Amino acid sequence: MTRRVVLWRHGRTEWNVAGRVQGQTDTALDEVGVRQAAAAAARLASLRPVRIVSSDLQRARHTAEELSRLTGVSVELDERLREMNFGEREGLTWKESWERFPDLMKAMLEDREERFPGAELHAEAGARLSAAVTEALETLEDEQTLVVVAHGAVLRVGVCTFLGFPEATWRTFAGLSNCSWIALEQISPEHDTRWRLTEWNAGTLPEPVMSDDG
């Protein structure tokens, strides 16, 4: 009586290596990213997902297609799963962001987030991913798995939003490595509708927890 959703970050890109903010810029997987996607898909395929829903940005879509190829499940695209829109920070490195927007960067790190020019707030990005996941889960039945393929920042804040964590706690959760995932499980949907966080930044298959007292 378990439902599972795996939220999977895309493989590596050249901008990841360079430390550039990608946001909604449509960058492609690099050679390492392609290999990462294939290797992770081989593990996730054993969960036999019934649906694969992906951001329409190519780095996520191509990652999702590796899992689709192994499972025969078609990829559904949802723009709400796109990475957070970072506005004028996109294309900049962390150092360049501090040089150009020192006050906004300081406010963000002090949890006094203000809007960068042309950008979303973290809460706005989290809300749209949470809404997309909630909608996708409406068709998920007992003993079924949904895979959502998206991006690091929007997955972090979106999962925190979905689970109801206060925004002040979101920075407690580390970012996701390329092609790693978050797993959530609803253990007894008929009697308990809560979703539990079972894996964070994982690269191995989620396994059921038999007990937490030993």
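## Ground rules

Residues are numbered from 1 along each chain as its sequence is written, and side-chain values use heavy atoms, without hydrogens or water. Because the model is predicted, local features need pLDDT of at least 70 and side-chain atom pairs count only at pLDDT 80 or more, while totals for chains, interfaces and linings use all residues.

## Aromatic rings

Rings of Phe, Tyr and Trp (its six-membered ring) pair if their centres lie within 6.5 Å; planes under 30 degrees apart are stacked, over 60 edge-to-face, and the rest tilted. That rule gives four aromatic pairs. One of them is stacked, because Phe165 and Phe173 have ring centres 5.2 Å apart and planes at 15°. Phe165 is partly exposed, at 28% relative accessible area (buried is under 20%, exposed over 50%, partly exposed in between, with a 1.4 Å probe and protein chains only).

Phe173 also forms a tilted pair with Trp200, at 5.0 Å centre to centre and 45° between the planes. Here the chain partners are 27 residues apart: Phe173 is in the loop between helix H7 (152–163) and strand E5 (181–186), and Trp200 in strand E6 (residues 196–202). Helices (H or I, at least four residues) and strands (E, at least two) are DSSP runs, numbered from the N terminus.

## Helix H6

Helix H6 (residues 122–137) has 16 residues and reaches 23 Å from first C-alpha to last, close to the expected 22 Å (1.5 Å times one less than its number of residues). Its buried residues include His122, Arg128 and Leu137.
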